[in-house]
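Subject: Structure handover

Hello,

Here is the structure I said I would pass on. My notes on what was found in it follow below.

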Amino acid sequence: MKNKEINSQRIPVYRDAGFELFDADTASEAFRKETENQRVPDLYIYSRYRNPTVVAAEEEIMKLEGSEWTLLTESGMSAIDITLSVFQDGNSIKPWLFFNEIYGGTLSFAESVLKKRRGLDIHYFSPQNEQYDLHEFESVMETLRPELVYIESISNPMLIVPDAAGVIEIARKYKAKVIVDNTFATPELWKPLVSGADVVIHSATKYLSGHGNITAGVVCGNDNELMKAAVEYRKLTGHMLSADDAYRLHDQIQTFSLRFRRQCVNASVIAGLLGASKRVRKVWYPGLPEHPSYEEAVKLFAGNGFGGMVTVDFKGNSGSEKKLIRDGFIKAVSERIRIIPSLGDPRTMMLPVESVWGAKYPEPGMIRLSAGFEDTGELTGIISSALEAISSL
Ligand code: PLP
């Protein structure tokens, strides 16, 4: 969308709560057509329903994911709510299968909302030794016959990459719908709809907006009926993104590919530096041949990169020694790398894993790093001098 009347490169920010409908007949026609739940209406009515600035930003994401339609929402969690709700049918309680190495908020949503409040039959599929086994998956599909399968393209914090194209193929064989949260891989590494997924979700709070200054979500797909159901659910639950956030997202997406490619380079540099340190027990990065998902990542991401996340476990003879080394590293980098519970920002940031995941990952020496797109040389200097500082601890 371009503003044809003004010689501007930018898109207009339409902050209208309600749009002008001119006369009674136009109003009647607009409301009649509203029941069709198109993504782009003939006439805008109300910004909670649809908004032209939001539509312009949606168009940018359609290009990235290669989707027929995209809906923007006010958070990644609302994108998850919309997606999982449109597959619900009040009477049916067929099983749904979630890969269980997925975002903690999604697991809590499945347990607290889908299972406890809505009475759905939720099941989980676990990896063995940090790997999802496709044969095991097929036998679960055969016995459980779920109507829906939910996966993430890269898990968190162990960065497990499933053979997602294989998962989709098997799910199709058993007529199950596949939803992919592609937040971590992004369309730069893999486009799930092209591989046959039914819906792709993003927390656009992360790489798509990429500056840590917007909370937003994405739902995209190719099925028009699904889109209409999602448009209606977004309208009725008020999960709409604001025009201001859509404007900024639209602008920031222009640099997405550039940013993410640098983040992939920086993450692999961080992984290499950490892996070479005597103070490090283990590094998780899907681009390392020793990572349990290396083969899956090579196959799925086809040379596009391995993502911007790295997890490290520092060495120690005891829990307290590991903690000492971890805290020494955190202190040594703290001028430039901060503890921030998000990812995909311009600057590299980190999270002590035990503090966030608790009993699920109780390793006191572990830190998850989200590579930024700062200068690679500068980042190398920061990490190298921190590793130097902890070598004497
Ligand atoms: N999906 C993934 C993979 C995430 O990491 C997150 C948040 O961290 C979400 C979804 C939820 O997104 P938001 O925080 O934008 O609601």
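Two strands count as paired if DSSP finds at least two bridges between them. Please keep in mind throughout that this is a predicted model.

The sheet

With that rule, strand E8 pairs with strand E9 (residues 309-314): four bridges join the two, and they run antiparallel. Within this pair, Val 280 stands opposite Phe 314 in E9. Both strands belong to an open sheet of five strands, ordered E8-E9-E12-E11-E10, with mixed pairing. At its edges are strand E8 (280-284) and strand E10 (338-339), each of which pairs on one side only.

The ligand site

Where does the ligand sit? The space it takes is the largest pocket. Its shell consists of 13 residues, and the closest of them are Met 77, Asp 181, Ser 203, Thr 205 and Lys 206. By class, five residues of the shell are nonpolar, five are polar and three are charged. Helix H3 (residues 76-86) gives the most to this shell, with three residues.

- Gly 76: a backbone N or O atom lies 2.9 Å from an oxygen atom of the ligand.
- Met 77: a polar backbone atom is 2.9 Å from an oxygen atom of the ligand.
- Ser 203: here a polar side-chain atom is involved, at 2.8 Å from an oxygen atom of the ligand.

How much of the ligand's accessible area does the protein cover? On its own the ligand has 390 Å² of accessible area, and the protein covers 88% of that.

Backbone points to look at

Most residues other than glycine have a negative phi, and most peptide bonds are trans.

Pro 157 is found in the loop that lies between strand E4 (148-152) and helix H6 (164-173).

When you open the model, one place to begin is the ligand with Gly 76, Met 77 and Ser 203 around it.

Regards

Definitions and conventions:
Residues are numbered from 1 along each chain as its sequence is written. This is a predicted model: local features need pLDDT of at least 70, side-chain atom pairs count only at pLDDT 80 or more; totals for chains, interfaces and linings use all residues. Side-chain values use heavy atoms; hydrogens and water are left out. A residue is near a molecule or strand if one of its heavy atoms lies within 4 Å of it. A polar contact is a pair of N or O atoms within 3.5 Å; within protein, one must be able to donate a hydrogen and the other to accept it, and residues adjacent in sequence count only if both atoms are side-chain atoms. Accessible areas come from the Shrake-Rupley method with a 1.4 Å probe; for residues, only the protein chains shown count as cover. On a 1 Å grid over the protein atoms alone, a cavity is a set of points where a 1.4 Å probe fits but cannot get out, and a pocket is an open set with protein on both sides within 12 Å along at least five of seven lines; lining residues have an atom within 4 Å of a point. A molecule sits in a cavity or pocket if more than half of its atoms lie within 2 Å of its grid points. Ala, Val, Leu, Ile, Met, Phe, Trp, Tyr, Cys and Pro count as nonpolar, Asp, Glu, Lys and Arg as charged, and the others, Gly among them, as polar.
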